[in-house]
Amino acid sequence: MAAIETRSTLLSFDISEETGFIPQRPPLSSLPPYFREWEGLVDQLSEKLQRKELRQAVHRLPEVGFSSETLHSDEEWQRALVVLSMLFQGYMWQDGEAGLPSKMPALLSVPFHRVTEKIGVPLVGVYTASALYNWHMLDPDKPMELDNIHANVTYTGTEDESWFYMVAVQVELEAVPALKAIWNGVSAKKEGDTAALVGHLAVIESAITAIHRTLRRMSERCNPKVFFVDIRPYFSGTKGLNVFPDGMIYEGVDSKPRKYYGSSAGQSSAIRAIDVFIGVEHTGPNAEFIIAMEDYMPRKHRQFLRHVAEQPPLRQYVVESQNNDLIQQFNATVEAFVRYRSYHITVVTRYIVNQRAHSVNASLDMKGTGGTHFMKTYG
């Protein structure tokens, strides 16, 4: 009975016991025929961007309705987010910093607004769109794991970009046991079941170790130079960049310009859930950014984080318990998370800092993938 209760509760936050924050079934690779022309353009995305023809192609698209009348399932809304996010970011960054638009045409911004409102994310390309809703199984008869998944849509058409997204997907998969342990850990803490809490923290530590191991595979198929020069610019938003001092106007949505951060690993609901549960304290601009990233996560995922955050502090419970086993396991879990975070900084250094000498994009030079200074984001 307990397992059934856990499953139904997690599902209320759109969390699967098998895949966590990732859809349990592979995301759709296309929308219904009504969206044929839009899907056709997405199929040519990398080619149009290479030729700098995407904006012209977007202006030729037929106006279609992205609404409950044309999108009939969560899967279709999720695919719509991928389609519109990739077209939006591609449109914005097609010509690099030299040719940035000040406005996004209503043809794109209006449907994008509808879809983002439905899912509960801002009007910009987000981690959820490029990773969580953007994969397929290479061999459906084999397990879902890093070597058997591939991105549905990329800006560059490179294996490097797909691998970058799929490492993120695998990180989310490795976090699944931690999500269940967090939920059960909250209950154990409420019930004063110290022994159970020790076990749940051990599960979280193991999951963090697996996440760390997955992140170490990034360099297998994602070249730092390819990432920095060709891929990373498409992740940028309109906030935190000198090239968008006033933000961007979304025609048909708002007459005033808006500013949003771009896609970032900081938008991982799974990593943030671990962060919140074990009570990692962030200070200064770093804290502001991390909290801001919760608004870039799907609405139900954000609600899960806030539910966990509302619980009495775990650290205080551990200290007051004076239980050596619990204290040791809590410390081991925190140390594992610190090692993961430290290695993440190593990855950012390798893929951004060490590549800046080859860059001609001054504004993006020392920015993280979301458009912030990387030490502000990860430090």
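Good morning. According to the UniProt annotation, from an unreviewed entry, a "binding site" covers His344; UniProt positions are given in the numbering used here, feature names are shortened, and such annotations may be inferred rather than shown by experiment. The structure before you is a predicted model, in which local features need pLDDT of at least 70 and side-chain atom pairs count only at pLDDT 80 or more, while totals for chains, interfaces and linings use all residues. Residues are numbered from 1 along each chain as its sequence is written, and side-chain values use heavy atoms, with hydrogens and water left out.

Where does His344 lie? It is part of helix H16, residues 324-351. Helices here are DSSP runs of H or I with at least four residues, strands are runs of E with at least two, and both are numbered from the N terminus. Is His344 buried or exposed? His344 is buried, because its relative accessible area is 9%; buried means under 20% relative accessible area, exposed means over 50%, and partly exposed lies in between, with a 1.4 Å probe and protein chains only.

Gln322 is exposed, since its relative accessible area is 68%. Asp14 also deserves a mention: its phi is near 65°, a positive value in a residue other than glycine. Asp14 sits in the loop between helix H1 (2-11) and helix H2 (36-43) and, at 37% relative accessibility, counts as partly exposed.

Let us turn to the helices. Helix H5 has 20 residues and reaches 29 Å from its first C-alpha to its last, close to the 28 Å expected at 1.5 Å a residue; the expected span is 1.5 Å times one less than the number of residues. Of the 20 residues in H5, 18 are buried. Helix H8, residues 159-174, has 16 residues and reaches 22 Å, close to the 22 Å expected. Because 13 of its 16 residues are buried, H8 is largely enclosed by the rest of the structure. In helix H10, residues 194-215, we find Leu201, which counts as buried because its relative accessibility is 0%.

Next, the cavity. How many cavities of 30 Å³ or more are there? The count is 1. A cavity is a set of points, on a 1 Å grid over the protein atoms alone, where a 1.4 Å probe fits but cannot get out; lining residues have an atom within 4 Å of a point. The largest cavity holds about 60 Å³ of space, a volume being the space filled by probe spheres set on the points, which are joined across faces, edges and corners. Its lining includes Ser85, Met86 and Gln89. H5 gives the largest share of that lining, 3 residues.

Finally, the sheet. Three strands form an open sheet in the order S1-S4-S5, with mixed pairing; two strands pair if DSSP finds at least two bridges between them. The edge strands are S1 (103-104) and S5 (254-258), each pairing on one side only. Strand S4, residues 248-250, pairs with S5 in the antiparallel sense over 2 bridges. Tyr250 stands opposite Asp254 in S5, and the bridge partner of Met248 is Arg258. In the hairpin of S4 and S5, with 3 residues between the strands, Gly252 takes a positive phi near 85°. Thank you.

Methods. 1 Å grid on protein atoms, 1.4 Å probe; cavity = no way out; pocket = protein on both sides within 12 Å on 5 of 7 lines; lining within 4 Å.
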